[in-house]
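Subject: Structure handover and notes

Dear colleague,

I am passing on the structure we spoke about, together with my notes on what came out of it. Please look through it first, and then read on.

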Amino acid sequence: MRQHMFGDVAAAEMHALDMPNAWNAEALFPANIHRAATQALESWITAQDAFSRKHILNNFASSSDGNGDARAGAICASPSRKHPDYYYAWTRDSALVVLEVIAWLDNNKLDYMLKDELKQRLDDYVEFTRHLQGLKNLKYGLGEAKFHMDGTAFRAPWCNAQTDGPALRARAILAYTQHVIKQANGDTTRAHELFALVRTDLDYVTKVWMHLGNCDIWEESRGMHFYTLLAQKTALEEGARMAHTLDVDNSVAHVYERAAQEIAHKLPEFWDVDHGYIVATLNKTGGIQTKNSNLDAQVLLAALHHGTPKLLTSRAVAATVNRLVHVFDRLYVVNHVQRTKIDGQWVDVAAAVGRYPEDVYDGDGSRGGNPWSLLTSSVAEYHYRLAVHMGNGPLAQYLVQVGDTYMARVARHTDADHTMREQWDKSSGYGRGADKAAHSLIAGTVAGAVEGAVTYPTELVKTKMQLQGSQQYIAQGGHVYTGPIDCVSTTYRTQGIRGLYRGLPPMLIGNAAKAGVRFLTYDTVKEQLRAKDGTLSTTRMMAAGLCAGVIEGGTVVAPSEVIKTRLIHDQCMPNSQFRGTLDCIRSVMQTDGVRGLYRGVGPVMMRQGANSCVRFAAYDSLKQLMLNRTRVDAKNIPFAYSFGLGMAAGIITVYSTMPFDVVKTRMQSPAAEYSSSVQCALRVIRSEGVRALWKGATPRLTRLMFSGAIVFATYEQVMKVLR
């Protein structure tokens, strides 16, 4: 595993220590850390910053938007309205966004028109706050966690109250008040109006901060929370200072200062001497009970959002961050990759970080926690801010380098268009929340069409070779070939190049559809079968592949195979019966009905199940072996690598599943004279020997070697584009 910044940190009291006295620079230098901040990373950060700023503002509802379902000043957590539904105005999230936007106003390089737009957004937010504070009949009052974007109360069950929300909202409006005072040339009228809203929230905080049973920021645990208390303490201190600035009644500042001091005396209790880190929650009274470690990244967020420089540079916070990184480094499969390419340049990447080790929330369900963009970025920010406190020198430079490795990790898992997902899949590294099912279906369909068009002649030869063993086939005057080469040459000589593609349309349509269904099913079932640590055993891969094959066989493959087999059989007869694909379909429907299209569906499902079971397990196992033994980037596997892996998987599949294929072909032949798949297999063995079950293996081997190579390589490339 990679080395981490702090090594083994001694237990420390919660009271902060100055950075220079707390750390020995020479002890912090692992020899294998490389400079991550290449020009490519710097360029990526610049582009990401511009993209993120733009889209943060897009989440503000304004009076000029014409958005009828949102009230001006509401800030949605995300535009996503399903899978997951985040289209709500969370009090906490909105306040954090506002604090960031206010910081932009101090940028002297900011365009005046943009400054005016930002001020309008902030004024809208102030009015939205006034509206929310005036809502009646709220069960949890100002502690309600979220609201509909139109400003109405959210009445469904939720983890309430969340008392960090009013504290954060007070901090946001206090920051805006500071800005207003700077611009007002001594006129404090607007500042007093804003402070009235602040007082509403802070008066509430003074009454509820000591209550047990409130919810944490993840909306999962009840108790007394480090993040919440630190947010409340900081808001009360800032509120007291503003009360003094505006010459508000001294009793107001006194109440806030006294409450902040009481909270300060409570905070040291969160230091766990036995475990050596700051715990997230004390006095748990409900919520998730499996969070046994009480190790949580919200402690780091608390230090970054609300902590003083002394707290941020303390041994206690350092020990907590160190433990978090060590745990997540070993927990997530994606952390096996320690380098990535950014704009063609290799850079080191640090560990991807999630919420807490026992997490099960995956962004849209409870199939196991994942790394988060926010939290990995926060570890980078932590190192950068430590570097600022260190000033110039080797340790400060080193801290910047470590921070760069975390930002490089974020860059690795962020979409190419700079869309930043809430979570990254712990195994694949791709963003959670993207329409992965649609991606699998599209990529599989394209791959299937390409593979079918390229390899069809080998499928035709294989089918002809399998058909000619039946007695009825011979009795009907079917042509008998001496081998695959004779089959190809005879077909080409008598029917030209078009003869090698007879039966292609149903095969092409069926191949595209079945590959789409196959990859969609496999990817979906595979995710359901993953262990909580993100790993997938070979047995579970095979189970997912089996499901995929059975479903594609029963829905798509059976009818397309019936038509393809009839057309090829017809081609081998002295007198052709069908004029083309549609004529063949009409004939089957007239003589056998819909059931005729599903003739032999049992062996088809068996063959497809066996094929997918073996092929997917072989490909994914070989792929993981290759990734473990090379420096190939899992998100950017070269075409040649996936082509080779697909070819190897095809070879394994052919010899493992050939008997199913032979039985399937015999059952679907118009000359079929079998009552069941078992009877068919037994008669083939009795009349032609066991080796007949591997008849047509050579052309099928040729086809599946290249089909496996083409389909997997194409799938990987299309998925790369879609992602």
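Is Tyr 715 buried or exposed? Bear in mind that this is a predicted model, and that what follows was computed from it. With a relative accessible area of 8%, Tyr 715 is buried, since the limit for that word is under 20%.

**Aromatic rings**

The ring of Tyr 715 has a partner in Phe 519: the two centres are 4.0 Å apart and the planes meet at 15 degrees, so the pair counts as stacked. This pair joins distant parts of the chain, with Phe 519 in helix α17 (residues 504-529) and Tyr 715 in helix α24 (residues 697-722), 196 residues apart. Phe 519 is likewise counted as buried, at 2% relative accessibility. Both rings also belong to one aromatic cluster, whose members are Phe 519, Tyr 522, Phe 616, Tyr 619, Phe 712 and Tyr 715.

In the structure as a whole there are 15 aromatic pairs. Another of them is formed by Phe 328 and Tyr 332, which are stacked with 5.4 Å from centre to centre and 20 degrees between the planes, and both of these residues are buried.

The charged end of Arg 81 is placed over the ring of Tyr 87, at 3.7 Å from its centre, while Lys 146 lies over the face of Tyr 88, 3.9 Å from the ring centre.

**Cysteines**

A disulfide is a covalent bond between the sulfur atoms of two cysteines. The count here comes to one disulfide, and it is formed by Cys 159 and Cys 215, with their sulfur atoms 2.0 Å apart. The torsion about this S-S bond is about -95 degrees, so the disulfide is left-handed. Cys 159 belongs to the loop between β2 (146-147) and α5 (164-183), whereas Cys 215 is in strand β3 (residues 214-215), so the bond ties together parts that are 56 residues apart in sequence. Cys 159 and Cys 215 are both buried.

Cys 613, by contrast, takes part in no disulfide, and the nearest cysteine sulfur, which belongs to Cys 547, is 9.6 Å away.

**Nonpolar cores**

In soluble globular proteins, nonpolar side chains tend to be buried together. The largest nonpolar core in this model has 108 residues, and the ones that touch the most other members are Phe 195, Phe 226, Leu 236, Phe 270, Ile 278, Ile 342 and Tyr 382. If neighbours within four places in sequence are set aside, Phe 270 is in contact with several residues, among them Met 224, Phe 226, Leu 229, Ile 278 and Leu 282.

**Helix α12**

Tyr 382, one of the residues named for the largest core, is also among the buried residues of helix α12, which include Leu 375, Val 379, His 383 and Leu 386. This helix covers residues 373-390, which makes 18 residues, and from its first C-alpha to its last it reaches 26 Å, close to the 26 Å expected. After α12 comes Gly 391, whose phi is positive, near 75 degrees.

With best wishes

Notes. Residues numbered from 1 in each chain as written. Predicted model: local features only at pLDDT ≥ 70, side-chain atom pairs only at ≥ 80, totals over all residues. Heavy atoms only, no water. Helix = DSSP H or I, 4+ residues; strand = E, 2+ residues; numbered from the N terminus. Expected span 1.5 Å × (residues − 1). Buried < 20%, exposed > 50% of the residue type's maximum accessible area, 1.4 Å probe, protein only. Disulfide = S-S within 2.5 Å. Core = buried A, V, L, I, M, F, W, Y, C linked by side-chain atoms within 4.5 Å. Contact = heavy atoms within 4.5 Å. Phe/Tyr/Trp six-rings, centres within 6.5 Å; stacked < 30°, edge-to-face > 60°. Lys NZ or Arg CZ within 6 Å of the ring centre and 35° of its normal.
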